[in-house]
Amino acid sequence: MAHSARRDSPELPDFSLLKRLARDQLIYLLEQLPGKKDLFIEADLMSPLDRIANVSTLKQHEVDKLYKVEHKPIVSTSDQLCFLIRPRIQTVKWICDVANADKAAGKFRRYKLIFTPQKFYACDAVLEEQGIIGDVTTDEWAFYLLPLDDDIISLELPEFFRDNFLAGDQRWVRTAGSALHLLHSLYGPFSKVYGIGRCSKMAYESWREQVEEGEQKARQAEIGNVFLIDRDVDYVTPLCSQVVYEGLVDDIFRIKCGCVEFGADVTSSDKSVKVMLNSQDKVFSEIRNEHFSNVFGFLSQKARNLQTAYDKRRGMDIKQMKTFVSEELKGLKQEHRLLSLHIGACESIMKKKTKQDFQELLKTEHSLLEGFETRECISYIEEHINRQVSMIESLRLLCLLSITENGLLPKDYRSLKAQYLQSYGVDHLLTFSNLRQLGLLVEQQPGETLTVMESKVGKLVNDKAAGKLTDAFSSLAKKSNFRALSRKLNLVPKSDEEYDLRVPRDMAYIFSGAYVPLSCKLIEQVLERDGWSGLEEVTRLLNGHEFAVTGNNGADLRAKSDAKRIVLVMFLGGCTFSEISALRFLGKEKGYKFIVVATSITNSSRLMEALLDNHV
């Protein structure tokens, strides 16, 4: 069932230290405001905070009441208010309104603002402009990294993608550099750093500046290689439907900070249940990376094994029964509870995916990836839009069509755009502008394909290979970068070969054997070649910004042999659970252990939602 790891796989570093550091710093900041206080927490910080310091920990440090930041008048009667917030102007303005309302009412309070992960100059500017900078104290909680599992760490910055790639706002780049610096300080030094993408290059440079500013201590390296990759290097992967179990659970139920809430349809009761999804869950850890088609078989086998373990009780004497109850029963009950939840989740996924005619959707996606039956795919997308199946899903399919075809023909673009706006509202015009800006949904320009053809033909002539000119003219027109990348890196396996999903042979299993994620393939190739050598054509098609730097290691060489097989991959702009599963598979095949650090965990819905703009 689960793909077995190589025996020589190295041990992962212990990332619980990151949680302890974050908790200790938060407690220190809270104690800077002695006495009882009420704590206002921004909504999107509540789940990450819960993983670091629960309510009882906060109460121990004189936090009296907890409130969610709701941008409306407050009801707190405390003399001391503490605000744990993101560095957002809107939130700072609201705090100014609270303080000014108190002033007008003649009420004296102490205010403390804790910005996380950092404070921006604009926040101070707002406090000054509103006339309360002297009435408040401000601090930074440098909470950069939240470990979600043994091999997943998140910066919990979903806004990074839109801010950086769409708005061109680079304020979070230093945050990514600081996160890298923290990892380097605790688990480095790194022997090699590879990267691709403009943002990755800037994050690397920010990190190097911080390294040079601080003092360097020689220590035993726990992480060898580091790979930085921008989300815009590979948009195809997050646009494809996820079919590994963890990815599907995220798509259907939304995993938040490593937790999922299963509703009544899963629990078969009136109550919903919150479940932590990580390697401590014995059932989940064995199915999380599996293709969904294998999961039911595993769960039914697990149920039989569990029944056998329970049946051992029969015929036991009192002493054996006592041992069984004290040592095994609790574990079996916990496993039984988790097993029934995952079976319920699978049934719920099956119902929802059958409703949407999931197989037909996957067939369309696979055709787009292979470049076959494009007209049939367009008809399917049109039907999807006109039936108003899902606004987000329709947008995702349009983007996948555009990227795989290197833009749409003008008549197709105009027709599909008009149909979408008629179905979901003309206020989505701004969304189309956003997608065009990112190159996710574009119209082919006249003469565009000719330029590509001319440059390639010119190269052939220069290479004195004029005999190939006829082939060049017939095959080079309208070839997209995705198609060229797909051929060069063999991203789409030949469809005539039978693919056994129970025994995956490569990373393509995460998409039913139809596609190897470009991001993961790049990482594999760079690690194999120890750099970008031989991938010049690939990096040119990806618009470059690639780099490879050898670190100067103060670590002892004996420790390095293990550390260099631990690879930290930082995704700037989000990472999917499918990519994490693919990297886990690659690690097991090649004897690596991958640590995924992402600005956030994303999927096709979150990617599209980040680009929606329907407030004309």
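Six bridges link strand β9 (residues 225-230) with strand β13 (residues 566-572), and the two run parallel. Here Ile229 has Phe571 of β13 standing opposite. Before going further, please keep in mind that this is a predicted model, in which local features need pLDDT of at least 70 and side-chain atom pairs count only at pLDDT 80 or more, while totals for chains, interfaces and linings use all residues. Residues are numbered from 1 along each chain as its sequence is written, and side-chain values use heavy atoms, with hydrogens and water left out.

The strands and helices named here are DSSP runs numbered from the N terminus (helices are H or I with at least four residues, strands are E with at least two). Strands pair if DSSP finds at least two bridges between them.

**The seven-stranded sheet.** β9 and β13 belong to an open sheet of seven strands, in the order β6-β7-β14-β13-β9-β8-β12, with mixed pairing. β6 and β12 (546-550) are at the edges with a single partner strand each, so one side of each has no neighbour in the sheet. On average, neighbouring strands of this sheet are turned by 20° against each other, direction ignored. Angles like these use axes, which are lines fitted to C-alpha atoms (for helices over the stretch in contact), and run from 0 to 180 degrees between N-to-C directions. Helix α7 lies across β7 (152-154), β9, β13 and β14 (593-598).

**The five-stranded sheet.** Another open sheet has five strands in the order β2-β1-β3-β4-β5, and its pairing is parallel. Its edge strands, β2 (63-68) and β5 (136-140), each pair on one side only. From one strand to the next, the twist averages 20°. α2 packs on this sheet, where it touches β1 (37-41), β2 and β3; contact means heavy atoms within 4.5 Å. Within the sheet, six bridges join β3 (residues 80-85) to β4 (residues 110-115), and Leu84 has Ile114 of β4 as its bridge partner. Helix α4 lies across β1, β3 and β4.

| α2 (43-52) | β1 | about 110° |

**A helix pair.** The axes of α18 (residues 410-424) and α19 (residues 429-438) come within 10 Å and cross at roughly 140°. The two helices are therefore oblique to each other; under 35 degrees counts as roughly parallel, over 145 as roughly antiparallel, 65 to 115 as roughly perpendicular, and the rest as oblique. Tyr413, Lys417, Tyr420 and Leu421 of α18 meet Leu429, Phe432 and Arg436 of α19. By class, this contact has five nonpolar, no polar and two charged residues. Ala, Val, Leu, Ile, Met, Phe, Trp, Tyr, Cys and Pro count as nonpolar, Asp, Glu, Lys and Arg as charged, and the others, Gly among them, as polar.

**Two backbone details.** Most residues other than glycine have a negative phi, and most peptide bonds are trans. The bond from Thr116 to Pro117 is cis, with omega near 0°, and Pro117 sits in the loop between β4 and α5 (121-129). Cys257, which is not a glycine, has a positive phi of about 55°; its place is the loop between α10 (245-253) and β10 (259-262).
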